[in-house]
Amino acid sequence: MPSFMTVAYGSVVAFALVLATTGHPVGLVSAPTSVMHAPGPSSGAAAVNAPVNAAGAAGPRAAAPADTAPAAWIVHDADKLPDDSWGKTVRYGRDLVAKTYALIGPEVSDPAHRFSGNNLACQSCHLEAGTKRYGLPFQGVYADFPNYRARSGAVGTIEDRIQGCMTRSMNGKQLPPGGPEMTAIVAYMKFLSDGWPAGAPTPGRGPGRMPELSRSADPAHGQRVYAQNCVACHGPAGQGQRVGAVGDAKGYTFPPLWGADSFNDGAGMDRLIAAANFIHGNMPNGVSWRAPALSEQDAWDVAAFVQAQPRPHKPNLDKDYPVGLQRPADSGYGPYVDEFSQEQHRLGPFGPIRSKIKELVAASSSAPAAEAR
Ligand code: HEC
Ligand code: HEC
(Lines give C-alpha, C1' and ligand atoms only; values in the text may rest on other atoms or scores of the structure.)
(Ligands and ions follow the chains in the order given, each with its own letter.)
Protein backbone atom coordinates (compact mmCIF):
# COMPACT_ATOMS: atom_id res chain seq x y z
CA MET A 1 0.00 0.00 0.00
CA PRO A 2 1.43 3.40 -0.91
CA SER A 3 2.23 5.50 2.10
CA PHE A 4 0.86 8.70 0.58
CA MET A 5 -2.61 7.31 0.94
CA THR A 6 -2.35 7.24 4.68
CA VAL A 7 -4.68 9.42 6.62
CA ALA A 8 -4.45 10.66 10.12
CA TYR A 9 -6.56 9.84 13.08
CA GLY A 10 -6.00 9.26 16.71
CA SER A 11 -7.44 10.73 19.84
CA VAL A 12 -10.68 12.62 19.71
CA VAL A 13 -8.87 15.93 19.52
CA ALA A 14 -6.45 14.77 16.88
CA PHE A 15 -9.47 13.54 15.02
CA ALA A 16 -11.13 16.93 15.31
CA LEU A 17 -7.97 18.47 13.96
CA VAL A 18 -7.94 16.08 11.06
CA LEU A 19 -11.36 17.41 10.28
CA ALA A 20 -9.93 20.86 10.67
CA THR A 21 -7.66 20.37 7.73
CA THR A 22 -9.39 17.88 5.50
CA GLY A 23 -12.99 18.69 6.18
CA HIS A 24 -13.74 15.02 6.55
CA PRO A 25 -12.47 11.96 8.34
CA VAL A 26 -11.15 9.92 5.45
CA GLY A 27 -10.59 6.35 6.36
CA LEU A 28 -13.36 5.85 8.86
CA VAL A 29 -16.11 4.99 6.50
CA SER A 30 -17.83 2.00 5.10
CA ALA A 31 -18.24 1.54 1.41
CA PRO A 32 -21.07 3.49 -0.20
CA THR A 33 -22.11 0.54 -2.28
CA SER A 34 -24.95 2.44 -3.87
CA VAL A 35 -22.54 4.36 -6.05
CA MET A 36 -21.49 1.16 -7.69
CA HIS A 37 -24.74 1.28 -9.56
CA ALA A 38 -24.66 4.94 -10.30
CA PRO A 39 -24.84 5.93 -13.94
CA GLY A 40 -21.97 7.60 -15.72
CA PRO A 41 -18.45 6.59 -16.56
CA SER A 42 -15.80 6.06 -13.93
CA SER A 43 -12.60 7.98 -14.31
CA GLY A 44 -10.44 5.43 -12.64
CA ALA A 45 -9.74 1.82 -11.96
CA ALA A 46 -10.38 0.09 -8.67
CA ALA A 47 -8.55 1.56 -5.77
CA VAL A 48 -8.40 0.85 -2.09
CA ASN A 49 -7.00 3.16 0.50
CA ALA A 50 -4.19 2.23 2.79
CA PRO A 51 -4.22 2.08 6.57
CA VAL A 52 -3.75 5.07 8.64
CA ASN A 53 -1.13 7.08 10.46
CA ALA A 54 -1.45 9.05 13.66
CA ALA A 55 -2.11 12.76 13.16
CA GLY A 56 1.03 14.78 13.02
CA ALA A 57 3.13 12.05 14.50
CA ALA A 58 6.41 11.24 12.89
CA GLY A 59 7.49 7.74 13.62
CA PRO A 60 5.76 4.41 13.46
CA ARG A 61 2.32 4.30 11.94
CA ALA A 62 -0.58 3.45 14.14
CA ALA A 63 -2.56 0.38 13.26
CA ALA A 64 -5.91 1.33 11.85
CA PRO A 65 -8.93 -0.07 10.12
CA ALA A 66 -8.54 -0.26 6.38
CA ASP A 67 -10.37 2.35 4.41
CA THR A 68 -13.04 0.63 2.45
CA ALA A 69 -13.27 3.00 -0.48
CA PRO A 70 -15.70 2.31 -3.27
CA ALA A 71 -13.98 0.20 -5.86
CA ALA A 72 -14.58 2.78 -8.54
CA TRP A 73 -14.40 6.53 -8.46
CA ILE A 74 -17.60 7.68 -10.04
CA VAL A 75 -17.62 10.73 -12.28
CA HIS A 76 -20.99 11.64 -13.71
CA ASP A 77 -20.91 13.20 -17.16
CA ALA A 78 -22.93 16.40 -17.45
CA ASP A 79 -22.94 16.12 -21.24
CA LYS A 80 -25.15 13.04 -20.96
CA LEU A 81 -27.95 15.01 -19.36
CA PRO A 82 -30.83 15.99 -21.64
CA ASP A 83 -31.12 19.49 -23.00
CA ASP A 84 -33.74 20.45 -20.45
CA SER A 85 -33.61 23.02 -17.69
CA TRP A 86 -31.77 20.72 -15.24
CA GLY A 87 -29.20 19.63 -17.83
CA LYS A 88 -28.55 23.21 -18.88
CA THR A 89 -28.17 24.37 -15.30
CA VAL A 90 -25.75 21.58 -14.37
CA ARG A 91 -23.65 22.25 -17.46
CA TYR A 92 -23.61 25.97 -16.70
CA GLY A 93 -22.39 25.07 -13.20
CA ARG A 94 -19.65 22.92 -14.67
CA ASP A 95 -18.61 25.76 -17.00
CA LEU A 96 -18.52 28.20 -14.09
CA VAL A 97 -16.13 25.80 -12.32
CA ALA A 98 -13.97 25.14 -15.39
CA LYS A 99 -13.96 28.61 -16.99
CA THR A 100 -14.61 30.87 -14.05
CA TYR A 101 -12.36 33.62 -15.45
CA ALA A 102 -14.41 33.76 -18.69
CA LEU A 103 -17.84 33.90 -17.02
CA ILE A 104 -17.46 35.74 -13.70
CA GLY A 105 -13.82 36.86 -13.75
CA PRO A 106 -12.44 40.38 -13.32
CA GLU A 107 -11.94 40.84 -17.08
CA VAL A 108 -15.38 39.83 -18.42
CA SER A 109 -16.96 42.51 -20.57
CA ASP A 110 -20.07 43.06 -18.43
CA PRO A 111 -18.99 44.76 -15.19
CA ALA A 112 -22.10 43.37 -13.47
CA HIS A 113 -20.67 39.86 -13.92
CA ARG A 114 -17.26 40.54 -12.41
CA PHE A 115 -17.28 38.55 -9.19
CA SER A 116 -13.90 36.82 -8.93
CA GLY A 117 -10.96 39.05 -8.17
CA ASN A 118 -8.43 36.89 -10.01
CA ASN A 119 -8.30 35.04 -13.31
CA LEU A 120 -8.14 31.56 -11.83
CA ALA A 121 -10.81 28.93 -12.40
CA CYS A 122 -12.30 26.90 -9.60
CA GLN A 123 -10.70 23.97 -11.41
CA SER A 124 -7.24 25.50 -11.04
CA CYS A 125 -7.53 23.76 -7.64
CA HIS A 126 -10.69 21.62 -7.89
CA LEU A 127 -9.05 19.69 -10.70
CA GLU A 128 -10.83 18.30 -13.75
CA ALA A 129 -13.90 20.45 -13.09
CA GLY A 130 -14.00 19.22 -9.50
CA THR A 131 -13.99 15.50 -10.28
CA LYS A 132 -10.42 14.30 -9.65
CA ARG A 133 -9.89 11.98 -6.72
CA TYR A 134 -7.75 13.76 -4.11
CA GLY A 135 -7.73 16.78 -6.41
CA LEU A 136 -10.26 18.59 -4.15
CA PRO A 137 -13.27 16.96 -5.84
CA PHE A 138 -16.91 17.85 -5.34
CA GLN A 139 -18.26 14.29 -5.21
CA GLY A 140 -20.04 13.80 -1.90
CA VAL A 141 -19.70 17.46 -0.95
CA TYR A 142 -23.33 18.35 -1.55
CA ALA A 143 -24.64 15.89 1.03
CA ASP A 144 -22.22 17.09 3.70
CA PHE A 145 -23.82 20.52 4.09
CA PRO A 146 -25.03 22.30 6.17
CA ASN A 147 -22.19 21.70 8.63
CA TYR A 148 -20.41 23.43 11.47
CA ARG A 149 -17.29 25.29 10.37
CA ALA A 150 -14.73 26.47 12.87
CA ARG A 151 -13.57 29.29 10.58
CA SER A 152 -16.91 31.07 10.93
CA GLY A 153 -17.84 29.49 14.26
CA ALA A 154 -21.27 28.72 12.84
CA VAL A 155 -23.23 26.20 10.84
CA GLY A 156 -23.01 27.09 7.17
CA THR A 157 -24.62 25.97 3.93
CA ILE A 158 -22.93 24.80 0.75
CA GLU A 159 -23.62 28.29 -0.60
CA ASP A 160 -21.66 29.77 2.31
CA ARG A 161 -18.77 27.41 1.53
CA ILE A 162 -18.76 28.48 -2.12
CA GLN A 163 -18.79 32.15 -1.05
CA GLY A 164 -15.75 31.31 1.09
CA CYS A 165 -13.82 30.22 -1.99
CA MET A 166 -15.15 33.25 -3.92
CA THR A 167 -13.78 35.71 -1.37
CA ARG A 168 -10.54 33.84 -0.57
CA SER A 169 -9.40 31.43 -3.30
CA MET A 170 -10.81 33.71 -5.99
CA ASN A 171 -9.97 36.85 -4.00
CA GLY A 172 -13.31 38.31 -5.09
CA LYS A 173 -16.84 39.21 -4.12
CA GLN A 174 -19.71 37.00 -3.07
CA LEU A 175 -22.00 35.70 -5.79
CA PRO A 176 -25.57 37.05 -5.58
CA PRO A 177 -27.41 34.69 -3.20
CA GLY A 178 -30.01 32.71 -5.12
CA GLY A 179 -28.71 34.06 -8.43
CA PRO A 180 -28.22 31.94 -11.54
CA GLU A 181 -24.48 31.44 -10.95
CA MET A 182 -24.85 30.17 -7.38
CA THR A 183 -27.82 28.00 -8.35
CA ALA A 184 -25.86 26.43 -11.20
CA ILE A 185 -22.74 25.72 -9.13
CA VAL A 186 -24.82 24.08 -6.39
CA ALA A 187 -26.76 22.08 -9.00
CA TYR A 188 -23.47 20.83 -10.47
CA MET A 189 -22.26 19.75 -7.03
CA LYS A 190 -25.53 17.96 -6.35
CA PHE A 191 -25.24 16.22 -9.70
CA LEU A 192 -21.64 15.10 -9.03
CA SER A 193 -22.63 13.91 -5.55
CA ASP A 194 -25.46 11.78 -6.89
CA GLY A 195 -25.16 8.25 -5.54
CA TRP A 196 -22.72 9.13 -2.77
CA PRO A 197 -24.42 8.51 0.55
CA ALA A 198 -25.37 11.37 2.82
CA GLY A 199 -23.85 11.28 6.27
CA ALA A 200 -20.74 9.35 5.29
CA PRO A 201 -17.43 10.84 4.22
CA THR A 202 -16.32 10.34 0.64
CA PRO A 203 -12.95 8.60 0.41
CA GLY A 204 -11.07 10.62 -2.18
CA ARG A 205 -12.47 13.96 -1.09
CA GLY A 206 -10.05 16.74 -0.14
CA PRO A 207 -6.40 16.86 -1.15
CA GLY A 208 -5.34 13.56 0.47
CA ARG A 209 -3.30 13.24 3.60
CA MET A 210 0.31 12.12 3.76
CA PRO A 211 2.24 11.79 7.01
CA GLU A 212 3.56 15.03 8.46
CA LEU A 213 7.21 15.86 8.99
CA SER A 214 8.73 15.83 12.46
CA ARG A 215 10.70 18.96 11.46
CA SER A 216 9.57 22.33 10.15
CA ALA A 217 9.05 22.51 6.41
CA ASP A 218 12.06 24.15 4.75
CA PRO A 219 11.28 26.95 2.25
CA ALA A 220 14.94 27.26 1.18
CA HIS A 221 15.01 23.64 0.09
CA GLY A 222 11.53 24.18 -1.35
CA GLN A 223 12.93 26.88 -3.61
CA ARG A 224 15.28 24.34 -5.15
CA VAL A 225 12.40 21.88 -5.57
CA TYR A 226 10.44 24.67 -7.26
CA ALA A 227 13.27 25.45 -9.67
CA GLN A 228 13.43 21.81 -10.72
CA ASN A 229 9.79 20.81 -10.81
CA CYS A 230 7.50 23.80 -11.09
CA VAL A 231 9.18 26.76 -12.74
CA ALA A 232 8.64 25.48 -16.29
CA CYS A 233 4.89 25.90 -15.94
CA HIS A 234 4.31 28.32 -13.07
CA GLY A 235 7.18 30.69 -13.96
CA PRO A 236 10.15 32.14 -12.10
CA ALA A 237 7.99 34.72 -10.32
CA GLY A 238 5.09 32.30 -9.73
CA GLN A 239 3.09 34.33 -12.24
CA GLY A 240 2.00 31.36 -14.35
CA GLN A 241 1.36 31.66 -18.06
CA ARG A 242 -1.66 33.37 -19.53
CA VAL A 243 -3.48 31.93 -22.53
CA GLY A 244 -3.45 35.34 -24.18
CA ALA A 245 -3.06 38.92 -23.06
CA VAL A 246 -4.06 40.79 -19.91
CA GLY A 247 -7.68 41.90 -20.24
CA ASP A 248 -8.90 39.13 -22.55
CA ALA A 249 -10.67 37.07 -19.82
CA LYS A 250 -9.13 33.89 -21.22
CA GLY A 251 -7.38 32.86 -18.05
CA TYR A 252 -4.24 30.81 -17.73
CA THR A 253 -2.62 27.78 -19.30
CA PHE A 254 -0.67 27.49 -16.03
CA PRO A 255 -2.16 29.43 -13.13
CA PRO A 256 -0.20 31.82 -10.90
CA LEU A 257 0.85 30.50 -7.49
CA TRP A 258 1.47 33.88 -5.91
CA GLY A 259 1.30 37.60 -6.72
CA ALA A 260 -1.61 39.92 -7.45
CA ASP A 261 -3.64 37.48 -9.58
CA SER A 262 -3.47 34.59 -7.10
CA PHE A 263 -5.54 33.37 -4.13
CA ASN A 264 -5.38 35.52 -0.99
CA ASP A 265 -3.91 34.85 2.43
CA GLY A 266 -7.24 33.69 3.86
CA ALA A 267 -7.54 30.83 1.34
CA GLY A 268 -7.36 27.13 2.14
CA MET A 269 -4.48 26.75 -0.31
CA ASP A 270 -2.48 29.15 1.87
CA ARG A 271 -2.41 26.53 4.62
CA LEU A 272 0.54 24.19 4.56
CA ILE A 273 -1.22 20.87 5.07
CA ALA A 274 -3.76 21.34 2.28
CA ALA A 275 -1.16 22.78 -0.11
CA ALA A 276 1.50 20.13 0.53
CA ASN A 277 -0.97 17.30 0.06
CA PHE A 278 -2.52 18.88 -3.03
CA ILE A 279 0.92 19.35 -4.57
CA HIS A 280 2.09 15.85 -3.63
CA GLY A 281 -0.95 14.15 -5.14
CA ASN A 282 -1.42 16.35 -8.20
CA MET A 283 1.69 18.29 -9.22
CA PRO A 284 3.45 18.51 -11.61
CA ASN A 285 0.03 18.66 -13.24
CA GLY A 286 -1.00 15.23 -14.48
CA VAL A 287 0.37 13.05 -11.68
CA SER A 288 -2.12 11.35 -9.39
CA TRP A 289 -2.26 10.20 -5.81
CA ARG A 290 -1.41 6.73 -7.06
CA ALA A 291 1.91 7.77 -8.56
CA PRO A 292 3.18 11.05 -7.17
CA ALA A 293 6.31 12.55 -8.67
CA LEU A 294 7.63 14.41 -5.64
CA SER A 295 8.84 12.83 -2.41
CA GLU A 296 6.72 13.71 0.60
CA GLN A 297 9.52 15.90 1.99
CA ASP A 298 9.89 17.80 -1.27
CA ALA A 299 6.13 18.40 -1.34
CA TRP A 300 6.14 19.85 2.20
CA ASP A 301 9.13 22.04 1.42
CA VAL A 302 7.92 23.38 -1.92
CA ALA A 303 4.52 24.19 -0.37
CA ALA A 304 6.37 26.15 2.31
CA PHE A 305 8.30 28.02 -0.37
CA VAL A 306 5.11 28.94 -2.23
CA GLN A 307 3.53 30.12 1.03
CA ALA A 308 6.47 32.37 1.79
CA GLN A 309 5.73 34.41 -1.35
CA PRO A 310 3.56 37.55 -1.45
CA ARG A 311 -0.14 37.35 -2.27
CA PRO A 312 -3.26 39.50 -1.84
CA HIS A 313 -4.36 40.15 1.73
CA LYS A 314 -7.89 39.40 2.87
CA PRO A 315 -9.29 42.01 5.29
CA ASN A 316 -10.85 40.95 8.60
CA LEU A 317 -8.91 37.72 9.02
CA ASP A 318 -8.90 38.39 12.76
CA LYS A 319 -12.63 37.56 12.70
CA ASP A 320 -11.92 33.97 11.61
CA TYR A 321 -12.08 31.16 14.20
CA PRO A 322 -14.11 33.03 16.81
CA VAL A 323 -13.59 30.03 19.10
CA GLY A 324 -9.81 30.19 19.40
CA LEU A 325 -9.37 26.58 20.53
CA GLN A 326 -10.88 25.45 17.23
CA ARG A 327 -8.24 27.16 15.10
CA PRO A 328 -6.40 24.47 13.11
CA ALA A 329 -2.73 23.98 13.92
CA ASP A 330 -1.63 25.14 10.45
CA SER A 331 -3.64 28.38 10.37
CA GLY A 332 -1.17 30.93 9.02
CA TYR A 333 -2.63 33.83 11.01
CA GLY A 334 -3.69 34.40 14.60
CA PRO A 335 -4.66 35.37 17.17
CA TYR A 336 -3.42 32.05 18.52
CA VAL A 337 -4.49 30.66 21.87
CA ASP A 338 -1.21 28.76 22.33
CA GLU A 339 2.33 30.05 22.76
CA PHE A 340 3.71 28.75 19.48
CA SER A 341 5.14 31.22 16.97
CA GLN A 342 3.38 32.18 13.76
CA GLU A 343 6.31 30.57 11.98
CA GLN A 344 5.64 27.21 13.60
CA HIS A 345 1.95 27.51 12.76
CA ARG A 346 2.92 28.12 9.14
CA LEU A 347 5.74 25.57 8.79
CA GLY A 348 5.15 22.97 11.47
CA PRO A 349 5.88 20.69 13.11
CA PHE A 350 2.20 20.62 14.03
CA GLY A 351 2.23 17.72 16.49
CA PRO A 352 3.37 19.82 19.48
CA ILE A 353 0.78 22.49 18.65
CA ARG A 354 -1.99 19.90 18.58
CA SER A 355 -0.85 18.42 21.89
CA LYS A 356 -0.94 21.86 23.49
CA ILE A 357 -4.40 22.62 22.11
CA LYS A 358 -5.59 19.26 23.36
CA GLU A 359 -4.33 20.20 26.83
CA LEU A 360 -6.06 23.58 26.66
CA VAL A 361 -9.29 21.97 25.53
CA ALA A 362 -9.11 19.49 28.38
CA ALA A 363 -8.58 22.35 30.84
CA SER A 364 -11.44 24.38 29.46
CA SER A 365 -15.00 23.52 30.32
CA SER A 366 -16.51 26.13 28.06
CA ALA A 367 -14.91 25.44 24.68
CA PRO A 368 -15.04 21.81 23.66
CA ALA A 369 -13.11 20.84 20.57
CA ALA A 370 -15.41 21.05 17.64
CA GLU A 371 -15.22 19.22 14.41
CA ALA A 372 -13.26 22.15 13.09
CA ARG A 373 -13.17 22.78 9.37
C1 HEC B 1 -6.61 28.40 -5.03
C2 HEC B 1 -7.27 27.13 -4.93
C3 HEC B 1 -8.80 27.09 -4.96
C4 HEC B 1 -9.66 27.69 -5.86
C5 HEC B 1 -9.28 28.52 -7.06
C6 HEC B 1 -11.00 27.37 -5.43
N7 HEC B 1 -10.95 26.58 -4.31
FE8 HEC B 1 -12.54 25.75 -3.34
N9 HEC B 1 -11.28 24.92 -1.98
C10 HEC B 1 -9.91 25.03 -1.98
C11 HEC B 1 -9.37 24.35 -0.82
C12 HEC B 1 -7.89 24.22 -0.46
C13 HEC B 1 -10.47 23.83 -0.11
C14 HEC B 1 -10.47 23.08 1.22
C15 HEC B 1 -10.45 21.60 0.99
C16 HEC B 1 -10.46 20.85 2.29
O17 HEC B 1 -10.87 21.40 3.32
O18 HEC B 1 -10.08 19.67 2.23
C19 HEC B 1 -11.65 24.20 -0.88
C20 HEC B 1 -12.96 23.83 -0.53
C21 HEC B 1 -14.07 24.06 -1.31
C22 HEC B 1 -15.37 23.51 -1.04
C23 HEC B 1 -15.70 22.52 0.08
C24 HEC B 1 -15.16 21.16 -0.37
C25 HEC B 1 -15.30 20.07 0.63
O26 HEC B 1 -14.74 18.99 0.35
O27 HEC B 1 -15.90 20.27 1.69
C28 HEC B 1 -16.22 23.97 -2.02
C29 HEC B 1 -17.69 23.63 -2.17
C30 HEC B 1 -15.43 24.81 -2.89
N31 HEC B 1 -14.13 24.84 -2.42
C32 HEC B 1 -15.91 25.49 -4.00
C33 HEC B 1 -15.14 26.28 -4.83
C34 HEC B 1 -15.67 27.00 -5.97
C35 HEC B 1 -17.11 26.96 -6.44
C36 HEC B 1 -14.62 27.67 -6.53
C37 HEC B 1 -14.65 28.64 -7.69
C38 HEC B 1 -15.63 29.71 -7.57
C39 HEC B 1 -13.44 27.36 -5.76
N40 HEC B 1 -13.80 26.52 -4.74
C41 HEC B 1 -12.16 27.82 -6.06
C42 HEC B 1 -9.14 25.66 -2.93
C43 HEC B 1 -9.63 26.39 -3.99
C1 HEC C 1 3.23 20.70 -16.56
C2 HEC C 1 2.93 22.00 -16.01
C3 HEC C 1 2.91 22.09 -14.48
C4 HEC C 1 3.93 21.81 -13.61
C5 HEC C 1 5.33 21.32 -13.94
C6 HEC C 1 3.43 22.12 -12.28
N7 HEC C 1 2.13 22.56 -12.37
FE8 HEC C 1 0.98 23.24 -10.81
N9 HEC C 1 -0.57 23.47 -12.09
C10 HEC C 1 -0.54 23.27 -13.45
C11 HEC C 1 -1.86 23.47 -13.99
C12 HEC C 1 -2.24 23.37 -15.46
C13 HEC C 1 -2.68 23.79 -12.90
C14 HEC C 1 -4.18 24.08 -12.95
C15 HEC C 1 -4.96 22.87 -13.31
C16 HEC C 1 -6.06 23.19 -14.26
O17 HEC C 1 -6.33 24.37 -14.52
O18 HEC C 1 -6.62 22.22 -14.78
C19 HEC C 1 -1.83 23.80 -11.72
C20 HEC C 1 -2.29 24.12 -10.44
C21 HEC C 1 -1.47 24.30 -9.34
C22 HEC C 1 -1.89 24.80 -8.05
C23 HEC C 1 -3.28 25.27 -7.67
C24 HEC C 1 -3.70 26.49 -8.44
C25 HEC C 1 -3.01 27.77 -8.09
O26 HEC C 1 -3.00 28.67 -8.94
O27 HEC C 1 -2.49 27.93 -6.96
C28 HEC C 1 -0.79 24.76 -7.24
C29 HEC C 1 -0.72 25.19 -5.79
C30 HEC C 1 0.31 24.22 -8.02
N31 HEC C 1 -0.14 23.96 -9.29
C32 HEC C 1 1.59 24.03 -7.54
C33 HEC C 1 2.60 23.44 -8.27
C34 HEC C 1 3.91 23.12 -7.72
C35 HEC C 1 4.37 23.46 -6.33
C36 HEC C 1 4.62 22.52 -8.72
C37 HEC C 1 5.99 21.91 -8.64
C38 HEC C 1 6.15 20.83 -7.70
C39 HEC C 1 3.76 22.47 -9.90
N40 HEC C 1 2.56 23.02 -9.59
C41 HEC C 1 4.15 21.98 -11.12
C42 HEC C 1 0.56 22.93 -14.20
C43 HEC C 1 1.78 22.56 -13.69
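Let's begin with a pair of helices. Helix 5 and helix 6 cross in a right-handed way. Keep in mind that this is a predicted model.

How do the two helices lie? Helix 5 covers residues 158-167, and helix 6 covers residues 180-193. Their axes come within 11 Å and cross at roughly 110 degrees. Angles from 65 to 115 degrees count as roughly perpendicular, so helix 5 is roughly perpendicular to helix 6.

Which residues meet there? From helix 5, take Ile158, Glu159 and Ile162. From helix 6, take Met182, Ile185, Val186 and Met189. By class, this contact has six nonpolar residues, no polar ones and one charged.

Stay with helix 5, and turn to ligand 1. Helix 5 gives the most to the shell around ligand 1, four residues. In total, 26 residues surround this ligand. The closest are Cys122, Cys125, Cys165, Ser169 and Gly268. By class, the ligand 1 shell has 16 nonpolar, eight polar and two charged residues.

Now for ligand 2. It has 24 residues around it. Coming nearest are Cys230, Cys233, Pro255, Pro284 and Asn285. Which one gives the most? That is helix 8, with three residues.

And the classes around ligand 2? Count 19 nonpolar residues, five polar and no charged.

That's the tour. Thanks, everyone.

Terms used. Residues numbered from 1 in each chain as written. Chains lettered and ligands numbered in written order. Predicted model: local features only at pLDDT ≥ 70, side-chain atom pairs only at ≥ 80, totals over all residues. Near = placed C-beta within 6 Å. Nonpolar A, V, L, I, M, F, W, Y, C, P; charged D, E, K, R; others polar. Axes fitted to C-alpha atoms, helices over the stretch in contact; angles between N-to-C directions. Parallel < 35°, antiparallel > 145°, perpendicular 65-115°, else oblique. Left-handed = near helix turned anticlockwise from the far one by under 90°. Contact = placed C-beta atoms within 7 Å.
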